Amino acid sequence: MTIRSFSLIHFYFYDPQKVEINFIDNLNNLIDYLQKETKNSADFFYRGHSNLDWELLPAIYRNKWVENEHKMFREIILRNSEEFASTKSAFEKLTIMQHYGLPTRLLDITKNPLVGLFFACNDKSQSEVPGELIVFNPEPSLIKYYDSDTVSILSNLSKAERTLKLISNKIKFNADLSGLKLLHLIKEEKPYFLPEIEPTDLERTLVVRPINNNERIKRQLGYFFLFGFKKIVTKPADINSLYMKNGIQPKFFIEEDKKENII
(Lines give C-alpha, C1' and ligand atoms only; values in the text may rest on other atoms or scores of the structure.)
Protein backbone atom coordinates (compact mmCIF):
# COMPACT_ATOMS: atom_id res chain seq x y z
CA MET A 1 0.00 0.00 0.00
CA THR A 2 1.03 3.61 -0.43
CA ILE A 3 0.65 6.71 1.66
CA ARG A 4 -3.08 7.31 1.85
CA SER A 5 -4.68 10.74 2.07
CA PHE A 6 -8.33 11.11 3.08
CA SER A 7 -10.70 13.89 4.15
CA LEU A 8 -12.09 11.67 6.91
CA ILE A 9 -11.05 8.20 8.08
CA HIS A 10 -11.79 6.17 11.19
CA PHE A 11 -11.76 8.44 14.25
CA TYR A 12 -9.44 11.14 12.85
CA PHE A 13 -11.41 14.39 12.73
CA TYR A 14 -9.88 17.55 11.32
CA ASP A 15 -10.42 20.56 9.06
CA PRO A 16 -9.24 19.55 5.54
CA GLN A 17 -8.76 23.24 4.72
CA LYS A 18 -6.02 23.39 7.37
CA VAL A 19 -4.67 19.86 7.66
CA GLU A 20 -3.91 17.03 5.21
CA ILE A 21 -3.68 13.63 6.89
CA ASN A 22 -1.48 10.94 5.35
CA PHE A 23 -1.13 7.38 6.64
CA ILE A 24 2.30 5.79 6.27
CA ASP A 25 1.95 2.14 5.35
CA ASN A 26 4.99 1.63 3.17
CA LEU A 27 8.57 2.75 3.67
CA ASN A 28 9.47 3.20 0.01
CA ASN A 29 6.44 5.32 -0.73
CA LEU A 30 7.30 7.66 2.16
CA ILE A 31 10.79 8.09 0.70
CA ASP A 32 9.39 8.80 -2.76
CA TYR A 33 6.92 11.33 -1.37
CA LEU A 34 9.50 13.21 0.66
CA GLN A 35 12.06 13.24 -2.14
CA LYS A 36 9.50 14.84 -4.42
CA GLU A 37 8.36 17.38 -1.82
CA THR A 38 11.81 18.32 -0.49
CA LYS A 39 13.82 18.39 -3.71
CA ASN A 40 13.80 22.21 -3.89
CA SER A 41 14.92 22.77 -0.31
CA ALA A 42 17.59 21.29 1.94
CA ASP A 43 15.98 22.76 5.05
CA PHE A 44 13.68 19.89 6.05
CA PHE A 45 13.80 18.29 9.49
CA TYR A 46 11.88 15.47 11.16
CA ARG A 47 10.78 14.20 14.54
CA GLY A 48 9.01 10.94 15.36
CA HIS A 49 6.39 10.59 18.07
CA SER A 50 5.31 7.05 18.91
CA ASN A 51 2.06 8.52 20.24
CA LEU A 52 0.38 11.14 18.04
CA ASP A 53 -1.08 12.84 21.14
CA TRP A 54 2.37 13.86 22.39
CA GLU A 55 3.16 17.57 22.36
CA LEU A 56 6.07 19.29 20.66
CA LEU A 57 7.50 20.46 23.95
CA PRO A 58 10.98 20.15 25.49
CA ALA A 59 11.29 18.22 28.73
CA ILE A 60 12.04 21.27 30.88
CA TYR A 61 8.48 22.53 30.28
CA ARG A 62 6.94 19.34 31.66
CA ASN A 63 6.20 18.66 35.33
CA LYS A 64 6.90 22.33 36.15
CA TRP A 65 10.65 21.70 36.01
CA VAL A 66 11.10 25.04 34.25
CA GLU A 67 10.32 26.85 37.50
CA ASN A 68 13.65 25.62 38.88
CA GLU A 69 15.55 25.31 35.59
CA HIS A 70 18.27 27.78 36.64
CA LYS A 71 18.96 25.79 39.82
CA MET A 72 18.84 22.41 38.10
CA PHE A 73 21.31 23.60 35.45
CA ARG A 74 23.88 24.55 38.10
CA GLU A 75 23.29 21.47 40.26
CA ILE A 76 23.85 19.12 37.32
CA ILE A 77 27.19 20.79 36.55
CA LEU A 78 28.27 20.83 40.22
CA ARG A 79 27.57 17.12 40.62
CA ASN A 80 29.10 16.06 37.28
CA SER A 81 31.83 18.66 36.77
CA GLU A 82 34.11 16.25 34.89
CA GLU A 83 31.50 15.84 32.14
CA PHE A 84 31.49 19.58 31.45
CA ALA A 85 35.16 20.40 31.97
CA SER A 86 35.89 20.94 28.26
CA THR A 87 32.67 22.80 27.36
CA LYS A 88 32.78 26.52 26.65
CA SER A 89 29.16 27.51 26.20
CA ALA A 90 25.74 27.03 27.77
CA PHE A 91 24.54 25.37 24.56
CA GLU A 92 27.29 22.75 24.70
CA LYS A 93 26.34 22.01 28.29
CA LEU A 94 22.69 21.66 27.30
CA THR A 95 23.57 19.13 24.57
CA ILE A 96 25.42 16.98 27.12
CA MET A 97 22.47 17.15 29.51
CA GLN A 98 20.12 16.23 26.66
CA HIS A 99 22.35 13.28 25.74
CA TYR A 100 21.91 11.86 29.25
CA GLY A 101 18.14 12.35 29.21
CA LEU A 102 18.04 15.30 31.61
CA PRO A 103 15.32 17.94 31.17
CA THR A 104 16.47 20.86 29.00
CA ARG A 105 14.98 23.47 26.65
CA LEU A 106 16.23 21.43 23.70
CA LEU A 107 14.07 19.13 21.56
CA ASP A 108 15.72 16.51 19.33
CA ILE A 109 15.08 16.61 15.59
CA THR A 110 16.88 15.04 12.62
CA LYS A 111 17.70 15.64 8.98
CA ASN A 112 16.96 11.98 8.22
CA PRO A 113 13.25 11.07 7.82
CA LEU A 114 14.02 7.40 8.44
CA VAL A 115 15.45 8.24 11.87
CA GLY A 116 12.26 10.16 12.66
CA LEU A 117 10.13 7.26 11.42
CA PHE A 118 12.12 4.82 13.57
CA PHE A 119 11.30 6.78 16.72
CA ALA A 120 7.64 6.98 15.67
CA CYS A 121 7.45 3.17 15.54
CA ASN A 122 10.00 1.67 17.93
CA ASP A 123 8.62 2.46 21.41
CA LYS A 124 7.11 -0.82 22.63
CA SER A 125 5.16 0.94 25.38
CA GLN A 126 3.20 2.79 22.66
CA SER A 127 2.62 -0.18 20.35
CA GLU A 128 -1.17 0.01 20.69
CA VAL A 129 -1.59 3.67 19.69
CA PRO A 130 -0.91 5.50 16.38
CA GLY A 131 2.37 7.35 15.93
CA GLU A 132 3.32 10.44 13.93
CA LEU A 133 6.19 11.64 11.80
CA ILE A 134 6.37 15.44 12.09
CA VAL A 135 7.96 17.41 9.26
CA PHE A 136 9.50 20.88 9.65
CA ASN A 137 10.59 23.38 7.02
CA PRO A 138 11.94 26.41 8.93
CA GLU A 139 12.84 29.76 7.45
CA PRO A 140 16.61 29.95 6.85
CA SER A 141 16.85 32.77 9.43
CA LEU A 142 15.78 30.29 12.14
CA ILE A 143 18.60 27.82 11.40
CA LYS A 144 21.78 28.58 13.35
CA TYR A 145 25.17 27.07 14.12
CA TYR A 146 26.07 26.14 17.70
CA ASP A 147 28.21 29.28 18.18
CA SER A 148 25.63 31.81 16.99
CA ASP A 149 25.06 34.84 19.22
CA THR A 150 21.30 34.17 19.20
CA VAL A 151 21.95 30.59 20.28
CA SER A 152 24.02 31.94 23.16
CA ILE A 153 21.18 34.25 24.21
CA LEU A 154 18.54 31.50 24.26
CA SER A 155 20.83 28.88 25.81
CA ASN A 156 21.62 31.17 28.73
CA LEU A 157 17.92 31.40 29.53
CA SER A 158 18.59 28.07 31.26
CA LYS A 159 20.64 29.94 33.86
CA ALA A 160 18.57 33.13 34.02
CA GLU A 161 16.50 34.01 37.06
CA ARG A 162 12.82 33.11 36.84
CA THR A 163 11.89 36.79 37.21
CA LEU A 164 13.02 37.41 33.62
CA LYS A 165 10.20 38.71 31.45
CA LEU A 166 9.85 40.19 28.01
CA ILE A 167 10.06 43.95 27.66
CA SER A 168 9.40 44.83 24.03
CA ASN A 169 11.40 48.07 24.12
CA LYS A 170 15.03 47.16 23.41
CA ILE A 171 16.56 49.99 25.44
CA LYS A 172 14.37 49.31 28.46
CA PHE A 173 15.00 45.55 28.31
CA ASN A 174 18.77 45.97 28.25
CA ALA A 175 18.61 48.49 31.11
CA ASP A 176 16.32 46.34 33.27
CA LEU A 177 18.03 44.37 36.06
CA SER A 178 16.88 40.97 34.76
CA GLY A 179 18.08 41.90 31.26
CA LEU A 180 21.44 43.00 32.66
CA LYS A 181 21.81 39.69 34.50
CA LEU A 182 21.11 37.74 31.30
CA LEU A 183 23.66 39.89 29.51
CA HIS A 184 26.23 39.05 32.20
CA LEU A 185 25.66 35.32 31.64
CA ILE A 186 26.16 35.73 27.89
CA LYS A 187 29.35 37.76 28.33
CA GLU A 188 30.84 34.97 30.45
CA GLU A 189 31.16 32.92 27.25
CA LYS A 190 31.30 35.82 24.76
CA PRO A 191 33.21 38.76 26.33
CA TYR A 192 32.80 40.84 23.17
CA PHE A 193 28.99 40.68 23.32
CA LEU A 194 27.49 44.18 23.27
CA PRO A 195 24.66 45.13 25.68
CA GLU A 196 22.13 45.06 22.86
CA ILE A 197 19.92 42.00 23.29
CA GLU A 198 17.05 42.16 20.84
CA PRO A 199 13.91 41.22 22.86
CA THR A 200 12.19 39.65 19.84
CA ASP A 201 15.00 37.06 19.69
CA LEU A 202 13.84 35.73 23.05
CA GLU A 203 10.48 34.74 21.54
CA ARG A 204 11.99 32.52 18.86
CA THR A 205 12.50 28.77 18.62
CA LEU A 206 15.67 28.08 16.66
CA VAL A 207 16.92 25.04 14.77
CA VAL A 208 20.53 24.56 15.90
CA ARG A 209 23.25 22.51 14.28
CA PRO A 210 25.41 21.14 17.13
CA ILE A 211 28.99 19.99 17.17
CA ASN A 212 29.02 16.30 16.23
CA ASN A 213 30.86 15.33 19.39
CA ASN A 214 29.02 12.10 20.17
CA GLU A 215 28.06 9.07 18.13
CA ARG A 216 24.32 9.47 18.67
CA ILE A 217 24.25 12.92 17.02
CA LYS A 218 26.43 11.64 14.15
CA ARG A 219 24.34 8.52 13.50
CA GLN A 220 21.01 10.29 13.75
CA LEU A 221 21.99 13.44 11.80
CA GLY A 222 20.86 15.22 14.91
CA TYR A 223 19.83 18.86 15.25
CA PHE A 224 17.93 20.57 18.05
CA PHE A 225 15.08 22.95 18.52
CA LEU A 226 16.23 25.53 21.08
CA PHE A 227 13.26 27.19 22.76
CA GLY A 228 12.95 30.80 23.76
CA PHE A 229 10.03 31.99 25.85
CA LYS A 230 6.71 33.78 25.53
CA LYS A 231 6.32 36.88 27.75
CA ILE A 232 7.77 35.15 30.84
CA VAL A 233 10.65 32.71 31.02
CA THR A 234 8.46 29.83 32.26
CA LYS A 235 6.27 29.88 29.11
CA PRO A 236 7.73 28.23 25.96
CA ALA A 237 7.99 30.05 22.65
CA ASP A 238 6.04 28.72 19.68
CA ILE A 239 7.48 26.54 16.92
CA ASN A 240 7.00 28.39 13.64
CA SER A 241 8.69 25.76 11.47
CA LEU A 242 5.98 23.21 10.69
CA TYR A 243 5.95 22.10 7.07
CA MET A 244 3.13 23.76 5.11
CA LYS A 245 1.99 22.87 1.60
CA ASN A 246 -0.15 25.51 -0.12
CA GLY A 247 -1.21 26.81 3.28
CA ILE A 248 -2.14 23.34 4.56
CA GLN A 249 -0.16 21.34 7.11
CA PRO A 250 0.49 17.74 6.05
CA LYS A 251 0.44 15.25 8.91
CA PHE A 252 1.95 11.76 8.64
CA PHE A 253 0.36 9.13 10.88
CA ILE A 254 1.44 5.54 11.44
CA GLU A 255 -1.39 3.31 12.58
CA GLU A 256 -0.51 0.95 15.40
CA ASP A 257 -0.80 -2.22 13.34
CA LYS A 258 1.73 -0.91 10.79
CA LYS A 259 4.57 -0.07 13.20
CA GLU A 260 6.19 -3.48 13.43
CA ASN A 261 6.23 -4.00 9.67
CA ILE A 262 7.81 -0.56 9.12
CA ILE A 263 10.55 -1.32 11.69
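Visitor: In which helix does S152 lie?
Guide: This is a predicted model, where local features need pLDDT of at least 70, side-chain atom pairs count only at pLDDT 80 or more, and totals for chains, interfaces and linings use all residues. Residues are numbered from 1 along each chain as its sequence is written, and side-chain values use heavy atoms, without hydrogens and water. Helices (H or I, at least four residues) and strands (E, at least two) are DSSP runs, numbered from the N terminus. By that numbering, S152 sits in helix α5.

Visitor: Is S152 buried or exposed?
Guide: Buried means under 20% relative accessible area, exposed over 50%, and partly exposed in between (1.4 Å probe, protein chains only). S152 has 3% relative accessibility, so this residue counts as buried.

Visitor: Which residues is S152 in contact with, leaving aside its neighbours within four places in sequence?
Guide: Contact means heavy atoms within 4.5 Å. Neighbours within four places in sequence are left aside, and the partners of S152 are then I186, E189 and K190.

Visitor: T150 is also found in helix α5. Is T150 buried or exposed?
Guide: Leaving aside neighbours within four places in sequence, T150 is in contact with K144, D201, R204 and L206. Its relative accessible area is 11%, so T150 is buried.

Visitor: How many residues does the largest nonpolar core have?
Guide: A nonpolar core is a set of buried Ala, Val, Leu, Ile, Met, Phe, Trp, Tyr and Cys residues joined through side-chain atoms within 4.5 Å. In the largest one, L164, L182, I197, L202, F225 and L226 have the most contacts inside the core. Elements that each supply at least two of its residues include α2 (69-79), α5 (149-155), α7 (177-189) and β8 (222-227).

Visitor: How many helices and strands are in the protein chain?
Guide: Its C-alpha atoms fill a box of roughly 60 × 40 × 35 Å, taken along the principal axes. Buried residues make up 48% of the 263 residues. The chain holds nine helices and eleven strands.

Visitor: How far apart in space are Q17 and G247, C-alpha to C-alpha?
Guide: Q17 lies in the loop between β1 (4-6) and β2 (19-23). Its relative accessibility is 66%, so Q17 counts as exposed. In sequence, Q17 and G247 are 230 residues apart. In space, C-alpha to C-alpha, the distance is 8.5 Å.

Visitor: What separates the C-alpha atoms of P130 and K259?
Guide: P130 is in the loop between α4 (113-121) and β5. At 9% relative accessibility, P130 counts as buried. P130 and K259 are 129 residues apart along the chain. Their C-alpha atoms are separated by 8.4 Å.

Visitor: What value is phi of K231 near?
Guide: K231 is in the loop between β9 (229-230) and β10 (232-236). K231 has a relative accessible area of 61%, so this residue is exposed. Phi here is positive in a residue other than glycine, near 70°.

Visitor: And what value is phi of N246 near?
Guide: N246 is in the loop between β10 and β11 (249-254). Its relative accessible area is 76%, so N246 is exposed. Phi is again a positive value in a residue other than glycine, near 55°.
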